[in-house]
Amino acid sequence: MNIRTRVNGHDVAIREAGMADKTVIRNLMQLYQYESTDYTGEDPDEHGCFDYPFMDHYWTEEGRKQDKRLPLLLTVNGSLAGFIFINNYTVYLKPGDDTYSIAEFFVLKKWRKQGIGREAACQIFRQFKGTWEIRQEGDNKPAHVFWRKAIHEFTQGNYEEVRAADWDGPIQIFQVNEQVQTTD
């Protein structure tokens, strides 16, 4: 997958992260998890690092095929700007061949509130026909605002927000009926 678009005069690219990108994403994951401590309360380990137990699964054959794990890198004007992890793990929907979820979505602060994250999300949704489940942690209020706005824009308001017994935050559910090719 290689998506290129322009947002507010910036060149935005989303591409599949290969094995050579794994360390880059692992490093960006530290920034993401540090920012998340505002609502998770997690502490780093004795080495000062945050653990993400599913990282390696995004680069295994089993993770790719069975869990539909897909690691993506986001760049703006050729510089690293974030990452996105897609999989088929759901808490409200029944997982299936046409079910997708964004497990992790991180945009560097420098690029936030400029429409870049929203456009990246919409570009990704266009790539995968099926049902999407997007979850946010209960205390992550900025994520609630971001995802509601992005999904509302993408679906033109045609989505459902639900709650699940084993999830503490909002969940948006929507359908993508047509796959739109935006790759180069």
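This is a predicted model: local features need pLDDT of at least 70, side-chain atom pairs count only at pLDDT 80 or more; totals for chains, interfaces and linings use all residues.
1. Helix H1 covers residues 22-40. Its buried residues are Lys22, Ile25, Leu28, Met29, Gln30, Tyr32, Gln33 and Ser36. An α-helix has 3.6 residues a turn, so residues three or four places apart point the same way. Strands E3 (70-76), E4 (79-87) and E5 (99-107) are among the elements that cover the buried residues of H1. Just after the helix, Gly41 adopts a positive phi of about 75°.

2. Tyr32 belongs to helix H1. Its relative accessible area is 14%, and because buried means under 20%, Tyr32 counts as buried. Apart from neighbours within four places in sequence, Tyr32 is in contact with Phe83, Ala103, Glu104, Phe105 and Phe106. Asn8 lies 24 residues from Tyr32 along the chain, and the C-alpha atoms of the two are separated by 24 Å.

3. The largest pocket holds about 1,600 Å³ of space. Its lining comprises 46 residues, and those nearest the centre are Tyr32, Tyr39, Phe105, Asn140 and Ala143. By residue type, the lining divides into 23 nonpolar, nine polar and 14 charged residues.

4. Which elements each supply at least two residues of that lining? They are H1, E5, helix H3 (116-127), strand E6 (130-135) and helix H4 (141-155). H1 gives the most, with eight residues.

5. Strand E3 is mostly covered, since seven of its seven residues are buried. Leu70, Leu72, Leu74 and Val76 point one way from the strand, whereas Pro71, Leu73 and Thr75 point the other way. Residues on both sides are buried.

6. Strand E3 has partners in E2 and E4. With strand E2 (residues 10-16), E3 runs antiparallel and is joined by five bridges; here Glu16 stands opposite Leu72. With E4, E3 is also antiparallel, and seven bridges join the two; in this pairing Val76 stands opposite Ser79. The hairpin of E3 and E4 has two residues between the strands, and Asn77 takes a positive phi near 50° there.

7. Leaving aside neighbours within four places in sequence, Thr75 is in contact with Asp11, Val12, Ala13, Leu80 and Ala81.

Terms used: Residues are numbered from 1 along each chain as its sequence is written. Side-chain values use heavy atoms; hydrogens and water are left out. Buried means under 20% relative accessible area, exposed over 50%, partly exposed in between (1.4 Å probe, protein chains only). Helices (H or I, at least four residues) and strands (E, at least two) are DSSP runs, numbered from the N terminus. Contact means heavy atoms within 4.5 Å. On a 1 Å grid over the protein atoms alone, a cavity is a set of points where a 1.4 Å probe fits but cannot get out, and a pocket is an open set with protein on both sides within 12 Å along at least five of seven lines; lining residues have an atom within 4 Å of a point. Grid points are joined across faces, edges and corners, and a volume is the space filled by probe spheres set on the points. Ala, Val, Leu, Ile, Met, Phe, Trp, Tyr, Cys and Pro count as nonpolar, Asp, Glu, Lys and Arg as charged, and the others, Gly among them, as polar. Two strands pair if DSSP finds at least two bridges between them.
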